[in-house]
Amino acid sequence: MRVLVLGGDGYLGWPTAMDFAAKGHDVYVIDNYMRRNIAQQTQSEALIPLPNLNDRAAIFKSLTGKNIQVKIGDCADYRTMENVFREFVPDVVVHYAEQPSAPYSMMGFEQASETLNNNLNATMNLIWAVMEYAPKCHIVKLGTMGEYGTPNIDIEEGWLEIEHKGRKGKFLYPRAAGSLYHTTKVLDTDLIWFYVRTFGLSVTDLMQGPVYGLSTNESDQDERLLPNFHYDDIFGTAVNRFLVQAVAGVPLTVYGKGGQTRGYLNLRDTLQCVDLAMNNPADEGELRILNQFTETFSVNALAEQIQRVGNGMSLNVEVKSIENPRKEAEDHYYNPAHSGLMELGLEPNYMTDEVVASMLEQIIKYKDNIDSSKIMPRVKWK
Ligand code: USQ
């Protein structure tokens, strides 16, 4: 298939591009280096310095013989998006081209506005480019479990049947995001749903939880192919941060009470899920929504597991609750459905002690790169 990956330099975009190219698909990636630029501006550089996208594609080609076509350009600019679609008419587009950091989106007006404009314009431009140049193309859009928030009822996969005054209807499941970033994803959903029901697009929205890990079949062959692994407070997500903190000898930063529960998944499972979505496309005029995670953990449970495994490796891991910089429920009900991807054939890589140990071992190799000043939260929700 002809696969276009928007945001192909990212933590998930680059491993996705390699995975599809390795499987023999024709892959084209575009990225504007927004994350690299923000990381530089906010002193949030990744643990392992990595080659730029063109160099990564050249290294991948020299190792595998497979081609990944690269364009450095901005998906939030419609002319750029149009040019990509004229050059490469895709069968499927995987849309990761969004500013993904909740803390960055909460830093101030500039960062909020940049996040809103980038995320909504990239999505809008994709929709229009598909309608104009590739109307049969399947859009695989990365949404987030954070769109739902933490409601006091079970979370369904995207939709909810409601009975009201004796009549029934099916609606998008209510959204209540906890950051401006997550809110842009809610807005994306509404935008996409309008175009799906009005113009018959075919879209899969993958509502993903926080991803962890740095190992994939392709990146295991050469460290220059690793994903961008962040442990800072801006781009680092909970598990990846805790792993690095355990190696650095910094107490694990549990925000507040630590009862915040989310659905997590291994990076390898993100690749499986995107592949399953691509090979089982949504129907024309369908917005199919799948909750993408494999298991739920509270922050306390994650910290305890990483502490236990780390101590078993003589790391002497401490856990410390610190003031929560975010506004979020710290003790709440959480029961999201997630059967759709399992029914499509997902075989989860769960977070076993062995998986935690192997991630710690990988990070220990880069211990000297860890800058502990990047760990404590700098952005407050206020
Ligand atoms: N947390 C801590 N300590 C830390 C870091 C995080 O207790 O050092 C807590 C947070 O307060 C939160 C939970 O861990 O309750 C998850 O935080 P996170 O930073 O791992 O994830 P989040 O900010 O929600 O965002 C990440 C990705 C985002 C993606 C989202 C999926 O950055 O792009 O959409 O995970 S989800 O969380 O399901 O919305």
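Which helices and which strand each supply at least two residues of the shell around the ligand? They are helix 7 (180–199), helix 8 (238–248) and strand 10 (252–255), where helices (H or I, at least four residues) and strands (E, at least two) are DSSP runs numbered from the N terminus. The structure is a predicted model, with local features needing pLDDT of at least 70, side-chain atom pairs counting only at pLDDT 80 or more, and totals for chains, interfaces and linings using all residues. Residues are numbered from 1 along each chain as its sequence is written, and side-chain values use heavy atoms, with hydrogens and water left out.

Around the ligand there are 22 residues, of which Thr144, Tyr181, Ala238, Thr253 and Glu328 come nearest; a residue is near a molecule if one of its heavy atoms lies within 4 Å of it. Sorted by class, the shell holds ten nonpolar, eight polar and four charged residues. Here Ala, Val, Leu, Ile, Met, Phe, Trp, Tyr, Cys and Pro count as nonpolar, Asp, Glu, Lys and Arg as charged, and the others, Gly among them, as polar.

Now for the polar contacts, pairs of N or O atoms within 3.5 Å. An oxygen atom of the ligand lies 2.7 Å from an N or O atom in the side chain of tyrosine 181. For arginine 262, the distance from a ligand oxygen to a side-chain N or O atom is 3.3 Å, while a polar backbone atom of glycine 146 is 2.9 Å from an oxygen of the ligand. Taken alone, the ligand exposes 720 Å², and the protein buries 93% of that (Shrake-Rupley method, 1.4 Å probe).

Back to helix 8. Nine of its eleven residues are buried, meaning under 20% relative accessible area (1.4 Å probe, protein chains only). Among them are Phe242, Leu243 and Val244, along with Asn240 and Arg241. Their cover includes strand 9 (211–212), strand 10, strand 11 (261–266), helix 10 (299–312) and helix 12 (353–364). After helix 8 comes glycine 249, with a positive phi near 75°.

Then there is the largest nonpolar core, with 38 residues; such a core is a set of buried Ala, Val, Leu, Ile, Met, Phe, Trp, Tyr and Cys residues joined through side-chain atoms within 4.5 Å. Leu4, Leu6, Met81, Phe85, Leu126, Leu201 and Leu287 touch the most other members. Elements giving two or more residues to this core include strand 1 (2–6), helix 4 (78–87) and helix 7, but helix 6 gives the most, with six. Apart from this core lies another, of 36 residues, including Phe20 and Leu225.

Key: Polar contact = N/O pair within 3.5 Å; in protein donor to acceptor, adjacent residues only side chain to side chain. Buried < 20%, exposed > 50% of the residue type's maximum accessible area, 1.4 Å probe, protein only. Contact = heavy atoms within 4.5 Å.
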